[in-house]
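I opened the model today to look up its sheet and helices. My notes follow.

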Amino acid sequence: MGYTPLELERPLAIDRIYSVHYFEYGPDYAFVGESHDFWELVYADKGEVYVTAGEEEKLLKKGQMIFHEPGEFHNVRATGDGAPNIVIISFECNGPAMDFFRHRVVNVSDNERVLLARIVEMAGAAFSTPLDDPLTPHLIRREAAPFGCEQIIGVSLEYMLLCLVRRGDESPASRPTSLIRERSQNEFLARVQQYLEANIQRRLTLSDICRDNLVGRSYLQKVFREKTGGGAMEYFGNLKIQKAKEMIRQGSHNFTEIAALLGYNSIHYFSRHFKKVTGMTPSEYASSVKVLARRGRGEE
């Protein structure tokens, strides 16, 4: 019996990417703008930014993504009220299915956010090009990169786009209801995350978190490891560093004040923890933010 292969349809096929960026902007950041002959998506991971698309300026809120079609002039600038974090991915994708994304702003789901995080993670592993350099003309492959990183980037981006098209413009009420267990864990995680954010200035212990949230240690750690990839204390420590980075970008406090406001015993412990998490000292990070701001304004 002879078998005839079936060539799979790929309505959204991505074989080329131009850039993958994760930017941590200061409150006064502004990019002069550009246009190019490939697609670009901009996702607000934290805070809000103003985005120009053609002749229209839009406010992109946390959790939202905008698409710029080939040839469309676009720029981005901070609102001045906070220090936003932005993901930008430029890629080539042709075909009529991409018409869905023209002039489109979408609200990103938890699953799509995970895919974005995977793309950024794999880009950091696959390429030696800094993710925070807006003047990168092309990506440079990292020597001895982990197997399959580039394919994971392409597959994850394709899957995210497919999910967005399939979801379309449906209202939340028309979407399938999540499983009770999944929803319960997500609600619990969100509640504890909100608690940690509200108590970011404290020196919390794992026992404090369990007591204040009426939860057992094993369940707390299980949910955090499943949902965030690490334990609750690791998440809390990273949360402090993210807040520290935001405060450094805002420039309203010195390092000693930031350490005190975030509950560190000393500036020395704060600096060691900051470098452990980010790979840079607070001073090195502050310098990199200034360089990024100058490049955004087109200065050398």
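I began with strands β2 (residues 39–46) and β7 (residues 85–92), which pair in the antiparallel sense over seven bridges. I keep in mind that this is a predicted model.

Next I looked up the whole sheet. I read an open sheet of five strands in the order β1-β7-β2-β5-β8, with antiparallel pairing. Its edge strands are β1 (16–24) and β8 (105–107), each of which pairs on one side only. Neighbouring strands are turned by 15° against each other on average, direction ignored.

Then I asked which helix packs on this sheet. I found α2 (residues 149–167), which touches β1, β2, β5 (64–68), β7 and β8. The direction of α2 makes about 100° with that of β5.

I turned to helix α1 (residues 110–126). I noted 17 residues and a reach of 24 Å from the first C-alpha to the last, close to the 24 Å expected at 1.5 Å a residue.

Which residues of α1 are buried? I listed Glu112, Leu115, Leu116, Ile119, Val120, Met122, Ala123 and Ala126. Seen down the axis of α1, the buried residues fall within an arc of 165°, so they line one face of the helix. I recalled the background: an α-helix has 3.6 residues a turn, so residues three or four places apart point the same way. On the other side of α1, I found Asn111 and Glu121 exposed.

Last, I checked what covers the buried residues of α1. The cover includes β1, β2, β5, β7, β8 and α2.

Technical notes: Residues numbered from 1 in each chain as written. Predicted model: local features only at pLDDT ≥ 70, side-chain atom pairs only at ≥ 80, totals over all residues. Heavy atoms only, no water. Pairing = 2+ DSSP bridges. Helix = DSSP H or I, 4+ residues; strand = E, 2+ residues; numbered from the N terminus. Axes fitted to C-alpha atoms, helices over the stretch in contact; angles between N-to-C directions. Contact = heavy atoms within 4.5 Å. Expected span 1.5 Å × (residues − 1). Buried < 20%, exposed > 50% of the residue type's maximum accessible area, 1.4 Å probe, protein only. Arc of directions from axis to C-beta.
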